[in-house]
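Okay, thanks for making time, everyone.

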Amino acid sequence: MLSILIADDEAFLLHILAEKLGRAGHLVLTASDGRQAFDLATQQHPDLIITDFQMPVMTGLEMSIALREQESTATIPILLVTARGHRAPEEDLNRTNITTVIAKPFSAKDLLAKVDQIAAEINKGRITKVSAA
């Protein structure tokens, strides 16, 4: 079981992801924008963060960069969800702890498989960059 912070400004998607991950046995925290997610992450130190790229107040990428700069959150792995065709510049990704990028639309099954993959890496004590899906 992981503690997972999900950040997305789409309420329906946030609800569905929280429900699916909760049913899979994970402890789930939610945020509706990047600033709220940043604050939760620095307070709660989740095992994994799933964030949308495009959000109000602070984008998922901006939040990921800011978390990497904080000693207490610098090693939290991040799964970035992005609209198909939208790519973050590699130099920006290198300033984050984003281990996985998954494009919308995606199935809950695919997302759960990615979370399981990241959980296995966490359990082995190693997180490596995973190729984008």
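So, Ala24: this residue is partly exposed, with a relative accessible area of 44%. When I say buried, I mean under 20% relative accessible area, exposed is over 50%, and partly exposed is in between, all with a 1.4 Å probe and protein chains only. Ala24 lies in the loop between H1 and S2. Those labels are DSSP runs numbered from the N terminus, with helices being H or I of at least four residues and strands being E of at least two. The C-alpha atoms of Ala24 and Asp116 are separated by 9.9 Å, and the two residues are 92 apart along the chain.

Quick housekeeping. This is a predicted model, so local features need pLDDT of at least 70 and side-chain atom pairs count only at pLDDT 80 or more, while totals for chains, interfaces and linings use all residues. Residues are numbered from 1 along each chain as its sequence is written, and side-chain values use heavy atoms, with hydrogens and water left out.

Now the overall layout. The protein chain has five helices and five strands, and along the sequence they follow the pattern β-α-β-α-β-α-β-α-β-α. Of the 133 residues in the chain, 48% are buried. Contact here means heavy atoms within 4.5 Å. Taking contacts between residues at least 6 apart in sequence, 63% join residues at least 24 apart.

Let's go through some helices, starting with H2, residues 34-44. Its buried residues include Gly34, Ala37, Phe38, Leu40 and Ala41. They sit on the same side of H2, because they cover an arc of only 170° around the axis. That arc is taken over the directions from the helix axis to the C-beta atoms. What do the buried residues of H2 pack against? They pack against strands S1 (3-7), S2 (27-31) and S3 (48-52), plus helix H3 (60-69).

Asp33 caps the N-terminal end, with a side-chain oxygen 2.9 Å from the backbone nitrogen of Arg35. After the helix comes His45, with a positive phi near 50°.

On to H3. This helix is mostly covered, with seven of its ten residues buried. Those are Gly60, Leu61, Met63, Ser64, Ile65, Ala66 and Leu67. The cover over them includes H2, S3, S4, H4 and S5.

Then H5, residues 108-123. It has 16 residues and reaches 22 Å from first C-alpha to last, close to the 22 Å expected at 1.5 Å a residue; the expected span is 1.5 Å times one less than the number of residues. Leu111, Lys114, Val115, Ile118, Ala119 and Glu121 are its buried residues. Looking down the axis of H5, they fall within an arc of 160°, so they line one face of the helix. Lys109 and Asn123, on the other side of H5, are exposed. Among the elements covering the buried residues of H5 are S1, H1 (11-23), S3, S4 (78-83) and S5 (98-104). Just after H5, Gly125 has a positive phi of about 80°.

S4 and S5 run parallel and are joined by six bridges; for pairing, DSSP has to find at least two bridges between two strands. Leu80 stands opposite Val101 in S5. Seven of the seven residues of S5 are buried, so this strand is largely enclosed by the rest of the structure.

Next, the cores. A nonpolar core is a set of buried Ala, Val, Leu, Ile, Met, Phe, Trp, Tyr and Cys residues joined through side-chain atoms within 4.5 Å. The largest one has 22 residues, and Leu5, Ile49, Met63, Leu67 and Ile98 touch the most other members. S1, H2, H3, S4 and S5 each give two or more residues to this core, and the largest share, five residues, comes from H3. Apart from that core lies another, of 18 residues, including Ile6, Val81, Val115 and Ile118.

Last stop: Asn97, in the loop between H4 (90-93) and S5. Buried or exposed? Asn97 is buried, with a relative accessible area of 17%. Its side chain reaches the backbone oxygen of Thr75 at 3.0 Å. Leaving out residues up to four places away in sequence, Asn97 touches Arg68, Ala74, Thr75, Ile76, Pro77 and Ile78.

For the polar contacts, I took pairs of N or O atoms within 3.5 Å; within protein, one must be able to donate a hydrogen and the other to accept it, and residues adjacent in sequence count only if both atoms are side-chain atoms.
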